[in-house]
Every structure is written in C-alpha cells, then in structure tokens.
Amino acid sequence: MAARQTSIAAPAAESVRTGRSVEAIKRDFTDNLFCIQARFPSVATKNDYYQALAYTVRDRLLARWIKTAEMYKDNASRTVCYLSAEFLLGPHLGANLLNLGITEAVRKAMHELGLDLDELLEEEEEPGLGNGGLGRLAACYMESLATLQVSAIGYGIRYEFGIFDQCIKDGWQVEVTDKWLRYGNPWEIARPEIAFDVKLGGHTEAYTDADGRYRVRWIPARVVRGVAYDTPILGYRVGNANLLRLWSAQAAESFDFQAFNVGDYYRAVEHKVDSENLTKVLYPNDEPAAGKRLRLEQQYFFVSCALQDMIRIHLQGAKSIEGFADRYVAQLNDTHPAIAVAELMRLCLDEHQMNWDAAWALTKRVFAYTNHTLLPEALEKWPVELFGRVLPRHLEIVYEINSRFLDEVRKRFPGDEAKLQRFSLIDESGERYVRMANLACVGSRAINGVAALHSELLKQTVLKDFYELMPEKFTNVTNGVTPRRFLMLSNPGLAELATRRIGDAWTRDHSRFRALEPLAQDAGFREDWRRMKRGAKTRLADVIRRRTGITVDPDSMFDIQVKRIHEYKRQHLNVLHVISLYERIKRDSRAAIVPRTVIFGGKAAPGYYLAKLIIRLINGVADVVNNDPKVNDRLRVVFIPDFNVKQGHYVYPAADLSEQISTAGKEASGTGNMKLAMNGALTIGTLDGANVEIREEVGADNFFLFGLTVDQIERVKREGYRPPDHYAGHAGLRTAVDLIRDGAFSNGDRDLFRPLVENLMWRDEYLVFADYPAYADCQARVDAAWRDGDRWTRMSILNAARMGKFSSDRAIQEYMREIWKVEPVVVPLDD
C-alpha cells in the first residue's frame, strides 16, 4: 500500500482540521502523516497511514468534544459517572467515522490517495480493556449516553496489557501478552496535570480537631500517583462527545538518586516498578495472595482517582462538597468499584471535615449499584486481614457503616440473629471477609439487575434479605447493545437494505426497525435478505480460512456459539451434539441432517482448567470431523482464535443459529444473544437471562426453546440429581460420551479428557446430561425449519425486526428515568 503524492487544496472557507469535504480530509491526512508521523508516502508503513488517518478523524472529533465540555461546564449539568473495572471498547476508527457521518468521504479521500480504507481499518489494534460482556456493556452504554446527549464520564483503568491474546497450539489455548499500546494510541490524550495521590497500607491515627471533634488521619505505607488519560466517546450524528477517563499508575517519586549513586540500581527504580505494576495487567491471577492484593489495590486505585476527580470538578463551581450529590450520580458496574462507598465516606470525613450523618446521607444519594451475577462465588469479598493491610482507614469505615446498619436491622427484625449475620458487611462464618455486594447495597440509592428473570432471582436468592428490608431500591434494567456498532458498522449490507425499504429513522430509534416486519411476507424482500445474509457469511468464511486454514461452505447453516468459555455457558453441551451428528452421518450417509458449520469462539480464564479442556475438546472434534471425507461435506467445526469485538464484526452478521444454551438461572442477561438476533440469527436457547425477553419480543414461534426451567432445576437437585441415569437413558448422549472417553478425539489418549468426562458423569453441576435429550430434539426442529428456506428467512427477518427493545439506548433511557433522574443536554451540531 503506497499513497500517491498529489497537490491538495481545501475549499477556502473550510477548516482543514474540521472540514468534512474530501479535499479537507486529504489535506489534513497528509499534514498528519508529515507532522505527527514524520513520514512521507514512499517510506510510510501501513501503521503510519492508519495513525495519520486516526489523527485526522480525531481532529474532527475534538471539535465536538471541546464544545460539549464547554456547554456541560456552563450549564453545571448533572453528570452520570459510570465506574467500571472494564471498558471493552472495540476498534475506534470505524465507529467514529460512522458517528461523524464521514465514512464515504474518508473512503473516497483514501482512494484518491491510493489507499484502501478497509485495509486501514484492519490495521487498528483493539484495546483489550475488558474480559467480556461486562466491559462491552460499559462501552455500549458510554456510546448510548453520548447519543442520547447525557452529560457523562466513564471512569476505569488504563491497563498497559489488556485481556490476553489467545493462540491455539496443538488444540490448547495459549495466552499471549496483549501489547495494545505498542504503537501508541492516537485516540487518547494524556493529562499529566490531572493526577491524584492514592494511599495504600500503613496505619491510622485518631486526633481531635480545633472544634473538639473526633477525627482520623491515615498514614500510608506508600503513595501511588494516578494520571488521567482521556478518550472522547462520540454520539451518533449529534454534537455531544462524552469523556472516558482511564487512570494509569505512576510512582509519586520515580527515581531514587541516592540509591543510584551508591550503586543500588534496582532500588533506584523499585518504587517506580512497584507503582506501575498496579495498572500493568487486566485481572491479575488472584489465586496467590499477591494477586489478590494487587486486584484489591487496582479496584481502590481507580475509584479513588475517580472520586477525587469528581470532587475537583465540582469544586470548580462550588464552594464546598455539600452539593456534590446534586451534581453527580455514580453507577457501580458490578461489585468491582463497590469500595467507592467507603472511599467517598473517607473523603467526606477526613479530607472535607464533614460529620458522619451528613457524609452518609450524601454518599447514599450518589451511588447506584448494578448486579451482574447470580453466582454466590462471583459476589466479591475480601479477607478482612488483607483488606485491613491495604486499606486500614476503609476497614474502620466499613466497621462503622456495618455497626450502624445492623442497629437498624435489629429494630426491624428483633431477635433474628441468622438474618443479622446474612446482612452483615462482614462474613464471620469462617475466615472473616468484607462482603462488597452488601456494602454496595447498603451504600446505594438504587439496586438493579440486568434482565427481568435475573432481577426476580436476585430478590429470591442472593439479595433476598436486602429486598425484604429495602424493596423500594430494587428495579430491573434489561441490558442492551448499541445498534450502531453491532448492526450499522458490522453489517452494512443489512443497514443499507433496511434503509432502502423503510428509511433511516431506525438509525436513531431502533424500535422503528419493526417496520421491516410486514416485509417478511414479501418474496422479493426475502430474496434480498438471503443475498445479504450470504454476503455476510462469505466474508466470515474468508476470515475463517485466513485465520484457521479451514474452508467452510457459506450455503451451510452457520451455527454459532461465541462467548467466554465457562461450564455454565455449556459449550460442551453443543460439542456433545456435534459428536452425535458426526456419529450419525458416519453410521448412515443418508441420515436426514442438514449441512452445518458449527463455529465456536471465546477465551477461558488462564487458571480455569476445565474451560481450557473444553477448548481442547472442541479443537479435537474439529480435527477429526474436518478431516473425515465421509462427513466434512455436511459437517464442519471451527474454533475462531482470539475472539474479540473486531472478530465479532464478521461473526454476528453471518450467524444463522445463535446458541444461547446456558443452564437456566445462571446467566444474568447475556448480550451476545442480542447482537446475534439483531442481525437476524434464530436463537436456540433456555429460559435464562435475557433469552426470556428475547423470546417474548420475537415470538415463541421464532425461537427454539428447550431445557429445564429454574424451578425444575431446583426440584431436580433437591430430589437428588444422578447424571449416570441420564447417560444410560439416552443412546445419542451415551455414544458421544463414549467416543470422547475412548480417545476418538485425542489420538487414542483415553486420559486427556478424563477430567471433563468424570466431572459430567459424577457431578454435572450445570445439568448438561439432564438437558441433552431436549437439546437434541430441539436441534432436530432447527433442521426441519432450515430445510424450508422461505420459512427460515421469514423467521430471520422477524427476529431482526423485533429486537428494538434490546438497544442500549432503551436501557440508558430507563436508567435516566428510573435511577439517575437526569435530562439530556443538547449540544448543537455546527455542521
């Protein structure tokens, strides 16, 4: 790729930095290539061209960002602060081009310079600042907040190394460092002047202030400096661009000259290395004690920086902290930022000299808490001993909050010691722990689940006591995803087809996509839909061939399960069915099985052995199936390595069947289910998470339902679940398990998959065997529907048309109305 050198002149009245014409873009691009990258075309690399284009787009973005900041400041707008340990943003370039409305102008400008925009889009490193759905949800919400013109700041961590890159070697997942910053990040702006000291360790001292009031002074063992890095988040076709502020840890004093001068070179930089380790990597392994400590320090570090920054901004226009809760509402995205409750109390009490009652009243007005899990083990808690060593002042504050809260509980439930123990912020059933979910519940104005079923189960299970005590705090906000990235950007063929037939009002209000519904009965439109879908499948087939070497048929059913690898998500249930299909075709070449390409993708936590073994099994099955000439023209299996947002741009539009097969009651919501259905995939799934609401919206006739319900699972377990009985009672299941056990997918090695087989045979915590017969029967119904091409296409159209509820815009509007009580701040568009 080499750019042509051309003479470029922008129209006289148009700014080169902000102009939207092809000529202005070309001039700015050339200036940035010379002035920022210090390159001329004959020596420039593809990365140089990408960087120059990114800065060119950023120039136009900054004009809106600065105007937005000025308007928010002048209006003293009530601001939503979204606190999240993860922001899985995805690539910036394509999304910003779309939201600015300059994609085609930039494409033409690049073409006239001899460059290909699609190649430059592929050059972008994806920031791996999240693990999966939690971080991607935060990114969707930031985009929707800007699109809906809400004053908002996202606060998180600028991890130097994000979620690992996944390679597959000999069928196994191998984790490789994610060096997303190796070429720099043109979308961020360093703010070294916005930095805060964060204390860690040490001890506290009590004293009496000048007015005779009891006060506490924290004497830390060390201090880390948090430095801000800002990224503009632009709304779709609006003037608003909000702020994502991520914090990087630095040493308060980075170099010890005295140590260096006496030859102790390591000690000279020791404090710098220790401090910077704090934001070095996303989610360090917290099995060892050092990992636990680092993770707690990470969580405290970013919320302390965030709250100090919010107070700083507030005091620019106010004389005291008292009105802070009128200016800000802070959403806790799960329990990772829950320490913010104690930190705001510390800042109010120790730094701003408030009394306890006033500080606590302010704190409870600021925070709202989103719970994302029904798994008790996923509700974070920290050993009291560790918590006290890292945050001694906060432990004192937690004890005081707990004492006062339990006094209230005693009045409400006198004599109920068991309930008192469950409410306590300190778990004293064995080793003592600080319960972060309890702290979030006590210190927040609102508590929400993320799907209707999830919210009801919260009230009945893990947060039952809190719901009984404070029902007015509880509400539901079902998750959503941004249709800008996951339809308009990912699936331009569908976006163009829809706009051609129903206009473009749906791009600003996804509920209007429902206007496609009558077109499901239009034979010509169905043909256009099939053509669009096949184009998306052809693109994915090309990606699969390049990434894995496997050739797949775009005319086969693309059966897709892409998500984090976990036993409760039950990728192994899917694999068992694949093995059953393989065995049936081998046994009878005329078996009535439609051609199918089963596509998996997702990462397993590095320390989660069974999840990694499931990946190995998928690849073992793929190796056998894809190399068997008796089968591979009707069945193919693919594992896409390193699945991320960028890969999702190809996967979601190409899916025919969406596998949402988690054990009922385990998935809080899910968002992959929404992205796939939004692009016209039909769902096979259980009544779990948001599947329930998706089925309600698209219609039961357009959803393949199977599996035990939450109530049925509870009854099965209560009566005594025996996996061997299910194994013995179903021939297809028995055959599949036996093939795995006998080494059919491990080159004859009967020991490789033994831990997985024995776990299923004797434990099967997530009821894979119990649900297998219903799953296999449901897959037969999928086959029958696929054979009727017109019927399948109608169902696909209706799925896409009826997914308006699952836009993140709708979710943010509910937060605005029910929890945050904020109104839009309209920033007019100059252009």
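Glu-124 counts as buried because its relative accessibility is 3%, where buried means under 20% relative accessible area, exposed over 50% and partly exposed in between, with a 1.4 Å probe and protein chains only. The structure is a predicted model, in which local features need pLDDT of at least 70 and side-chain atom pairs count only at pLDDT 80 or more, while totals for chains, interfaces and linings use all residues. Residues are numbered from 1 along each chain as its sequence is written, and side-chain values use heavy atoms, with hydrogens and water left out.

Glu-124 lies in the loop between α5 (117-123) and α6 (133-147); helices (H or I, at least four residues) and strands (E, at least two) are DSSP runs, numbered from the N terminus. Leaving aside residues up to four places away in sequence, Glu-124 touches Tyr-50, Pro-91, His-92, Leu-93, Trp-187 and Lys-646, a contact being heavy atoms within 4.5 Å. With Tyr-50, the side chain of Glu-124 also makes a polar contact of 3.4 Å, that is, a pair of N or O atoms within 3.5 Å of which, within protein, one must be able to donate a hydrogen and the other to accept it, residues adjacent in sequence counting only if both atoms are side-chain atoms.

Turning to strand β11 (residues 367-370), Phe-367 and Tyr-369 point one way and Ala-368 and Thr-370 the other, and all are buried. In a regular strand, side chains alternate between the two faces of the sheet. Strand β10 (residues 328-333) runs parallel to β11 and is joined to it by 4 bridges, pairing requiring that DSSP finds at least two bridges between two strands; here Asn-333 stands opposite Thr-370. β11 also pairs in the parallel sense with β15 (residues 447-449) over 2 bridges, and in that pairing Thr-370 stands opposite Asn-448.
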